[in-house]
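Here's a quick briefing to keep open beside the model. Have a look at the ligand and metal sites first, then read on.

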Amino acid sequence: AAKAEGRACYRFYNEEMNARSIEELKMEEELREAMRADQLELRYQPQIEVSTGRVISMEALVRWKHPVRGIISPGLFIPVAERTGLIIELGSWVLAEVARDCLHWDSLNVPPFRVGINISPLQFNQPNLTSYIGDVLSSSGLSPERIELELTESAIMTDAETNIEKLQELKALGLALAVDDFGTGYSSLNYLRRFPIDTLKIDQSFVMGLNSTDGAAIVDAILALAKTLNMRSIAEGIETAEQLRYLAQRGCDYLQGYYFARPLYPEDVPGILQQDFSVDIQRAMNGRTELH
Ligand code: C2E
Ligand code: MG
Ligand code: MG
Ligand code: MG
């Protein structure tokens, strides 16, 4: 019976794997076509400086406008793009598109701000990443100071010793560097200290966990670490006044989340830069609701 069961399990597993890879092959083919057919779009989500209430930067987030399925979120196709290598081409498109959008805003005399670009592990591991980014930016005419790369913890901590040099190159180009989803991977504090990182980006799972004592303690620890290492701190996924209040009181420098704004169409970016969120921040700070 055990043997039969084992075989049944095996077959089930096999079929599921098969179905998954067929699904993935299909998506890979469609994604390739999507890039040819111009079906990718960017949204920009504001990052607010707590001390001033102003939008100081935006994160570029890719969307796939599928002709049949509608808008597909990156959580569904980025992992496929990463596994199939398509992320390299997709990442190139994102960088070029961000440069185009920034130059367009410049032409409208929109005050310059920084844009965060997500770099996947496979992209980060490209040997020519620095020169590639340098070439794209210099040929478009956009200053590297306008870009912050969001790198994942696992990408930079794998082979940390060799990455020091790579990060220094990117930094020397003039780019700002952030560690995205900080706290969800494994970081060697020793390397973190030696890396030229500007920003620690607290993962939204910790912001969601703020209503527990442990969750709040983790956020406190990350904020203390950022302060010690002279890095900026930003928290993502702020949805409530209570989360805002906790993070602002604890000295988090920047905030990003639906509470302030969703990822916006490029045409809505100039408008949000005019907005002053200091009243919203003050109101949240004066609130009475307790997190825990
Ligand atoms: P991420 O870099 O951690 O981006 C933050 C995600 O949180 C975004 O999801 C954003 O829309 C979402 N978010 C922002 N505020 C809130 C909030 O208040 N509540 C909740 N529940 N969510 C919020 P999105 O746009 O679906 O992107 C998901 C992930 O896909 C990103 O996570 C990033 O890892 C990846 N991604 C997006 N665009 C790109 C890209 O151009 N290149 C690469 N390599 N990855 C990308
Ligand atoms: Mg990010
Ligand atoms: Mg993140
Ligand atoms: Mg995240």
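Where does ligand 1 sit? Ligand 1 sits in the largest pocket. A pocket here is an open set of points on a 1 Å grid over the protein atoms alone, where a 1.4 Å probe fits and protein lies on both sides within 12 Å along at least five of seven lines; "sits in" means that more than half of the ligand's atoms lie within 2 Å of the pocket's grid points.

This is a predicted model, with local features needing pLDDT of at least 70 and side-chain atom pairs pLDDT 80 or more, while totals for chains, interfaces and linings use all residues. Residues are numbered from 1 along each chain as written, chains are lettered from A and ligands numbered from 1 in the order written, and side-chain values use heavy atoms, leaving out hydrogens and water.

**Around ligand 1**

- There are 23 residues around ligand 1, and R63, N118, D180, E239 and Y258 come nearest (a residue is near if one of its heavy atoms lies within 4 Å).
- By class, that shell has 9 nonpolar, 7 polar and 7 charged residues, with Asp, Glu, Lys and Arg counted as charged, Ala, Val, Leu, Ile, Met, Phe, Trp, Tyr, Cys and Pro as nonpolar, and the others, Gly among them, as polar.
- Strand 2 (55-66) gives the largest share of the shell, 4 residues.

**Polar contacts to ligand 1**

- E239 has a polar side-chain atom 2.5 Å from a nitrogen atom of ligand 1 (a polar contact is a pair of N or O atoms within 3.5 Å).
- The protein covers 83% of the 800 Å² of accessible area that ligand 1 has on its own, by the Shrake-Rupley method with a 1.4 Å probe.
- For D181, a polar side-chain atom lies 3.1 Å from an oxygen atom of ligand 1.

**Magnesium ions**

- D180 bridges the magnesium ions ligand 2 and ligand 3, which lie 3.7 Å apart.
- The magnesium ion ligand 4 is coordinated by D181 (OD) and E236 (OE), at 2.4 to 2.7 Å.
- D181 is in strand 6 and E236 in strand 8 (residues 232-236), so this pair ties together parts 55 residues apart in sequence.

Technical notes:
Polar contact = N/O pair within 3.5 Å; in protein donor to acceptor, adjacent residues only side chain to side chain. 1 Å grid on protein atoms, 1.4 Å probe; cavity = no way out; pocket = protein on both sides within 12 Å on 5 of 7 lines; lining within 4 Å. Helix = DSSP H or I, 4+ residues; strand = E, 2+ residues; numbered from the N terminus. Donors = N, O, S within 2.8 Å, 3.2 Å for Na, K, Ca; no water.
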